[in-house]
Amino acid sequence: MVLSPSTISQVAGPSNATPLCFSINSPPFRHNLTIASAYFSSVFSGLGLSSNLFALVVLARTFHHTKSRSRSSFLLFLGGLVFTDFMGLLVTGSIVVSFHITHFNWRQLDPHCHFCNFMGMSMVFYGLCPLLLGATMAVERFVGINRPFARSTSMSNSRACSTVVMVWITAGCISLLPLMGLGSYQLQYPGSWCFLNISSSPLDMTFGLIFSLVGLLSLAVSFLLNTVSVITLLRVCCGQDSGQRRRDYEVEMMVQLILIMAIASVCWCPLLMFILKSVVSSLAVEPYSVLFYLRLATCNQICDPWIYILCQESRLRCLLRRPCCRTRRLRFPTCFSGFVLRRGTRSWIPGSTSCSDVPY
């Protein structure tokens, strides 16, 4: 339904009473909307949705075949990450694509900023969730590798699901802060999306600092714990006690976790650092820069599912073990047991975590 100007004035009040989400970036924006914008948004969203949906199917099949308790918990975390990325693209992408197709006017459609606040909350929520989940997975792997006995008694599938829900609740509480008066959501260039207001005003600066620091802290925790876990894993795999415990599945999970961390850092650090620098320095925010950094951050939701899709085959685990096992072929002949197996045996079931004939 399209409201007439008289109706809008009656609802919104006097002309100088501009709704908060339009107070700075008031449409229409001075830009040329082309059909390429709609195609770009549609292809971008469609690629991300199909990738995450395919990854969810593969994860479900892998979880069904998995015997390892440690790996099943990791798959639940990974499934929560992929599901969050899928829903984020579905919610935000549908709004952006609808704008580029219909060119609707935000003031007429959303005179009280409810729709804009919803999208701003979605952008913050689905932006923080992958970063927080990445840090949570790093903590879980750190405990699993360095304190395996403590981890085996504390982390069950139900607790893993509860942890994912707690991450969602934490991100949701942060996204609700502007509705409680701490910061605000504003319509952003080119008028197709809403995001937090990047300014140096006390309330907006506080919320900008919370968003950027939580994201950067999550990446820092992931980097620190993953580094320690990799060092410990290399020491165990290639050390004197490498034959005492099979580590194929742990190597595989660490490879996936490091790739998740690397992609998240490349995609999100520019936007988080830009927000942190802008709110602290009080410099004018260039709308083109915000749009570029946001598109770069959205690439994380497309790349995440392919990390597992490309790393889920058992032969990757065998190839990763080859350098360590080559020097100990005589001492630990089981290292190379996986290379004599033909495809179709149980160890080649997608999601199996061993090169041996007994899946974990």
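**A look at the ring pairs**

Analyst: Let's start with one residue. Trp106 has a relative accessibility of 1%, so this residue counts as buried, the cut-off being under 20%. Bear in mind that the model is a predicted one. Phe115 sits at 27% relative accessibility, so Phe115 counts as partly exposed.

Now for the rings themselves. A pair of aromatic rings is described by the distance of the centres and the angle of the planes. Searching the whole structure turns up 10 aromatic pairs. In one of them, the ring centres of Trp106 and Phe115 are 5.3 Å apart with the planes at 25°, so this pair is stacked; planes under 30 degrees apart count that way.

Phe211 and Trp268 make another pair: their centres are 6.4 Å apart and their planes stand at 65°, so the pair is edge-to-face, a label for planes over 60 degrees apart. Phe211 belongs to helix H8 (residues 202–237) and Trp268 to helix H9 (residues 248–281), so the pair ties together parts that are 57 residues apart in sequence. Phe211 and Trp268 are both buried. They also belong to a cluster, where ring pairs link them with Trp193 and Phe195.

And the setting around these rings? The protein has 11 helices and two strands, and buried residues make up 51% of its 360 residues. Among contacts with a separation of 6 or more, 79% come from residues 24 or more positions apart.

Notes
Residues are numbered from 1 along each chain as its sequence is written. This is a predicted model: local features need pLDDT of at least 70, side-chain atom pairs count only at pLDDT 80 or more; totals for chains, interfaces and linings use all residues. Side-chain values use heavy atoms; hydrogens and water are left out. Helices (H or I, at least four residues) and strands (E, at least two) are DSSP runs, numbered from the N terminus. Buried means under 20% relative accessible area, exposed over 50%, partly exposed in between (1.4 Å probe, protein chains only). Contact means heavy atoms within 4.5 Å. Rings of Phe, Tyr and Trp (its six-membered ring) pair if their centres lie within 6.5 Å; planes under 30 degrees apart count as stacked, over 60 as edge-to-face and the rest as tilted.
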